[in-house]
Amino acid sequence: MRSFDRPGRSAAYGARGMAATSAPLATLAAIDTLRAGGNAADAAVVASAVLCVVEPAMTGIGGDCFALVGTPDGKVSGLNASGRAALAADAEWLSASGLTEIPLRSIHAVTVPGAIDGWDQLLKRFGTMDLAEALKPAIRLAREGVPVTPRVAVDWPEDAPSLAADAGGRVHYLKDGRAPGVGETMAYPALADSMALIGREGRDAFYKGAIAEDIIATARALGSLLTMEDLARHESTWVKPISARFMGHEILEIPPSGQGLTALIAFNVLAQMGLSRHAPDSAERHHLEIEAMKLAWELRNRHIADPGFAEVPVEDLLSDRTAKRLASLIDLDRALDIQTAMRTSDTIYLSVVDEKRLAVSFINSVYDGFGSCIVTEKTGIALQNRGACFVADPAHPNCIGPGKRPLHTIIPAMVRKDGEIDMSYGVMGGDYQPMGHVTVAVNRYVHGMDPQEAIDWPRYFPLRGKLRVESGVPEHVRAGLERRGHVLEAAGPLGGGQAIAIDRARGMLIGGSDPRKDGFALGY
């Protein structure tokens, strides 16, 4: 229970349905959908589309999405709706290109957008709406305009120079040549037209029709290898989730090409470490989480890739033998000297649970701010730069290749207890995300925090040899970490997150939404 004489927010409660998103208009749109008779899958797509309008730096129809869907009987399905590299991105091209990496703003970082097909498949399998109905709220808001909220206004200026350098970026995502300020209204008529066309003609309008033609014309003019065939052949993949046991619960994640495996490795390591012996605000607790994650990220960078092109040893990486070996490397009194190469990124995550207890854990992203900052002039779509997650080493399983999916940072999570869905949650923030999953779950299942308290908790992230810590990390924790050899560095807000827990004994939903963003959780 929080201290009510201090700033903060209470967890949301609702018996019939709940939505938690990073933007007020998206949460309201999801709740409106539920109250009008839609289910959690419908509400998730509605909210994701609205977020493309109200948080355009973080997400868009030019990006990818993933989802975990938990049904009332406790079964969980996974959706990998990420796009692929061009078929022409072969070894001969890579050798001739001279590339040693795929830079964030390179045209070769632009991969096929997977989100629209993912929305369509989610609705067809679990929803009651079609795309035309689900897109209506977002289309209306894009036409009428939406206010720029405080966190969105803080993030936008960083990408303004890149948007200004792009013809489409200048037209569609700047206001009088600059980033809009808080409280200003931004409308997106071209994006509204694109969504309306998708509503009328279905997902094929995006992958085979006029929108596809505009995407390819824009990308090819800048040297992209993508073709109409690359878009036309795109299809999302339904996958079986992978999981790990932690504190009597089953944590479920999307399998590779996503990085959810990273979080599960860390959970397995921490299960060996007796976390419950340490107070939630102790240096020991923080140190153990950080060290487990360092080891997990190392394995991620070594192994995670598109399983259609490389064998990812999931079973071995999640084995008890691997967990014990990694745990033996952790010294409670000394930090490991590991400097894993990582990046941050821009993403939205949302969670919805409906009256029948269908639960949807959903994440959508263009990767970096406004993705590649390449925006189609006619259709107003910011193209993602997810291909920057590829490597350019032909010997590495995650090397860019024809029709290949890159290692993906965006990961929804879900928790099951005694065969029933216990919590739908996720944490944004690029490579940070697995650590966010771990911290929130430790807070809830080791220390008994409600979803809002678990999300509010001050965050920490080892990055490039430094330990980034938010201002809320207590001084005694900082001192304890420094004594163990961690080199601390001040960090701004790390990621964002949402969570909805299902209290079956009381028939109640309990939600939390990250104060690091502008949104909230709302139940009814």
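Three strands make up an open sheet of mixed pairing, in the order β16-β17-β18. Strands here are DSSP runs of E with at least two residues, helices are runs of H or I with at least four, and both are numbered from the N terminus; two strands pair if DSSP finds at least two bridges between them. β16 (460–463) and β18 (488–490) are the edge strands, each with a single partner strand, so one side of each has no neighbour in the sheet. From one strand to the next the twist averages 35°, with angles taken from 0 to 180 degrees between N-to-C directions of axes fitted to C-alpha atoms, for helices over the stretch in contact. This is a predicted model, in which local features need pLDDT of at least 70, side-chain atom pairs count only at pLDDT 80 or more, and totals for chains, interfaces and linings use all residues. Residues are numbered from 1 along each chain as its sequence is written, and side-chain values use heavy atoms, without hydrogens and water.

β17 (residues 466–469) and β18 run parallel, joined by 3 bridges, and Leu467 stands opposite Leu488 in β18. Helix α15 (residues 283–303) packs on the sheet and touches β16 and β17 (contact means heavy atoms within 4.5 Å); its direction makes about 40° with that of β16.

Next comes β19 (residues 497–503). Because 7 of its 7 residues are buried, β19 is largely enclosed by the rest of the structure; buried means under 20% relative accessible area with a 1.4 Å probe, protein chains only. Gly497, Ala499, Ala501 and Asp503 cover one side, and Gln498, Ile500 and Ile502 the other. β15 (residues 420–427) pairs with β19 in the antiparallel sense over 5 bridges, Gly426 having Gln498 as its bridge partner. β20 (residues 508–513) is also antiparallel to β19, over 6 bridges, and there Ile500 stands opposite Gly511. The hairpin of β19 and β20 has 4 residues between the strands, and Gly507 takes a positive phi near 65°.

Terms used
Buried < 20%, exposed > 50% of the residue type's maximum accessible area, 1.4 Å probe, protein only.
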